[in-house]
Amino acid sequence: MRALLLERNKIVSRRLVRYLTCAGFEAKAIEDPKEAEVNLEGIDVFACDSFDGDLMVQALQSRPSMRGLLWTAEPMTPTLRHVVGHPQISNVFGRKSFEAAPRGWEVMMVARRLLRPQDGGA
């Protein structure tokens with residue numbers, strides 16, 4: 001499976017790519033939202049901060065088989081507007097700050113479930 005991550009912080013981006021690669025994804029990271037549309041071809045999972053949630057919703061609407069993952073360092077309420085009505089967004093990860101990546105074990109657990117939905121990721 002292929003994953004595209006939109007993350008402006010290079011350190012966070014590298015960490016998330018590493019998590020997804022270890023889980024079995026072919027992962028690519030971009031920093032600029034303008035690069036997203038060009039890179040979404042053939043992507044199974046699109047992941048980004050909820051700050052870019054509108055972009056994710058647009059991408060998911062035109063690609064019904066793609067899944068979405070969001071993360072946020074803000075309160076959950078603003079993020080819910082992206083999740084409600086878009087069941088393709090399967091998970092929202094919290095993070096301590098915009099300089100911190102979501103917790104590795106959470107990303108790995110979700111990644112495994114996305115790769116092997118038939119057995120719950122076990």
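The sheet and its surroundings

Modeller: In this predicted model, A3 stands opposite V45 in strand 3. Strand 1 and strand 3 pair in the parallel sense, over four bridges. They belong to an open sheet of five strands, in the order 2-1-3-4-5, with parallel pairing. Strand 2 (26-30) and strand 5 (89-94) are its edge strands, and each of them pairs on one side only. On average, neighbouring strands of the sheet are turned by 20° against each other, direction ignored.

Next, the helices. Helix 1 lies across strand 1, strand 2 and strand 4, and runs at about 165° to strand 2. Helix 4 (residues 76-83) also packs on the sheet, where it touches strand 4 and strand 5. The direction of helix 4 makes about 165° with that of strand 5.

As for the nonpolar residues, the largest nonpolar core has 19 residues, and L5, L16, L20, F25 and L69 have the most contacts inside it. Two or more residues each come from strand 1 (2-6), helix 1 (10-23), strand 3 (45-49), strand 4 (67-72) and helix 5 (104-115). Helix 1 gives the most to this core, with six residues. Leaving aside neighbours within four places in sequence, L16 is in contact with L5, W71, P102 and V107. Apart from this core lies another, of 14 residues, including L6, A36, L40 and F46.

N39 lies in helix 2 (residues 36-39). N39 counts as buried because its relative accessible area is 17%, under the 20% cut-off. Beyond its neighbours within four places in sequence, N39 is in contact with L4, K28 and I30.

Methods: Residues are numbered from 1 along each chain as its sequence is written. This is a predicted model: local features need pLDDT of at least 70, side-chain atom pairs count only at pLDDT 80 or more; totals for chains, interfaces and linings use all residues. Side-chain values use heavy atoms; hydrogens and water are left out. Buried means under 20% relative accessible area, exposed over 50%, partly exposed in between (1.4 Å probe, protein chains only). Contact means heavy atoms within 4.5 Å. A nonpolar core is a set of buried Ala, Val, Leu, Ile, Met, Phe, Trp, Tyr and Cys residues joined through side-chain atoms within 4.5 Å. Two strands pair if DSSP finds at least two bridges between them. Axes are lines fitted to C-alpha atoms, for helices over the stretch in contact, and angles run from 0 to 180 degrees between N-to-C directions.
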